[in-house]
Amino acid sequence: MGQLNFMLHNKIRFWQCLSLARKKEERFLSEVHFFKGHEYEFLLGFYYRMIGKYEYAIERLNKALAENSRYNIAKRELVQVLIRIEDYASAAIIAESNY
């Protein structure tokens, strides 16, 4: 039961961080430190996209993918950032690899 509670708590905190990032709340920066590895890098990349810091977002999302190349949510987010900066060729390559 303890492992199930931990997994549920982790998932809720992940969604909370996504919500804080969407709202561009600075509280996100204190909450995200609960995470490690590719989830941490993804959440920072997502946050940076939300606040318009696209280069930082790309850097963090690439770090997430370097740690876990099968992390599809990071690939989708990277495609969004690349479209935002109008790098359509790179976005298409990543989107196709994620299909």
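## Surroundings of helix 5

Helix 3 (37-50), helix 4 (54-67) and helix 6 (88-98) are among the elements that cover the buried residues of helix 5. The structure is a predicted model. Helix 5 spans residues 72-84, 13 residues in total. From first C-alpha to last it reaches 19 Å, close to the 18 Å expected at 1.5 Å a residue.

The buried residues of helix 5 are Ala74, Lys75, Glu77, Leu78, Val79, Val81 and Leu82. In general, residues three or four places apart in an α-helix point the same way, because the helix has 3.6 residues a turn. After helix 5 comes glutamate 86, with a positive phi near 65°.

## Packing of helix 3 on helix 5

Two packed helices are described by the angle between their axes and the distance between the axes. For helix 3 and helix 5, the angle is about 25° and the axes are 10 Å apart. Helix 3 is therefore roughly parallel to helix 5, since angles under 35 degrees count as roughly parallel. The crossing of helix 3 past helix 5 is left-handed.

On the helix 3 side, the contact is made by Phe42, Phe46 and Arg49. Helix 5 contributes Ile73, Ala74, Glu77, Gln80, Val81 and Arg84. Sorted by class, this contact of helix 3 with helix 5 has five nonpolar, one polar and three charged residues.

## Packing of helix 4 on helix 5

The axes of helix 4 and helix 5 come within 10 Å and cross at roughly 155°. Helix 4 is therefore roughly antiparallel to helix 5, as angles over 145 degrees are counted that way. Helix 4 also makes a left-handed crossing with helix 5.

Tyr54, Ala57, Ile58, Leu61, Asn62, Ala64 and Leu65 form the helix 4 side of the contact. They meet Ala74, Lys75, Glu77, Leu78, Val81, Leu82 and Arg84 of helix 5. By class, the contact of helix 4 with helix 5 has 10 nonpolar, one polar and three charged residues.

## Asparagine 62

Asparagine 62 lies in helix 4 and is one of the residues in the contact with helix 5. Its relative accessible area is 38%, so asparagine 62 is partly exposed. Asparagine 62 and phenylalanine 42 are 20 residues apart along the chain, and their C-alpha atoms are separated by 8.6 Å.

## Glutamate 31

Glutamate 31 is found in helix 2 (residues 27-31). With a relative accessible area of 17%, glutamate 31 is buried, because the cut-off for buried is under 20%. Leaving aside neighbours within four places in sequence, glutamate 31 is in contact with Arg13, Gln16, Cys17 and Leu20.

How values were computed:
Residues numbered from 1 in each chain as written. Predicted model: local features only at pLDDT ≥ 70, side-chain atom pairs only at ≥ 80, totals over all residues. Heavy atoms only, no water. Helix = DSSP H or I, 4+ residues; strand = E, 2+ residues; numbered from the N terminus. Expected span 1.5 Å × (residues − 1). Buried < 20%, exposed > 50% of the residue type's maximum accessible area, 1.4 Å probe, protein only. Contact = heavy atoms within 4.5 Å. Axes fitted to C-alpha atoms, helices over the stretch in contact; angles between N-to-C directions. Parallel < 35°, antiparallel > 145°, perpendicular 65-115°, else oblique. Left-handed = near helix turned anticlockwise from the far one by under 90°. Nonpolar A, V, L, I, M, F, W, Y, C, P; charged D, E, K, R; others polar.
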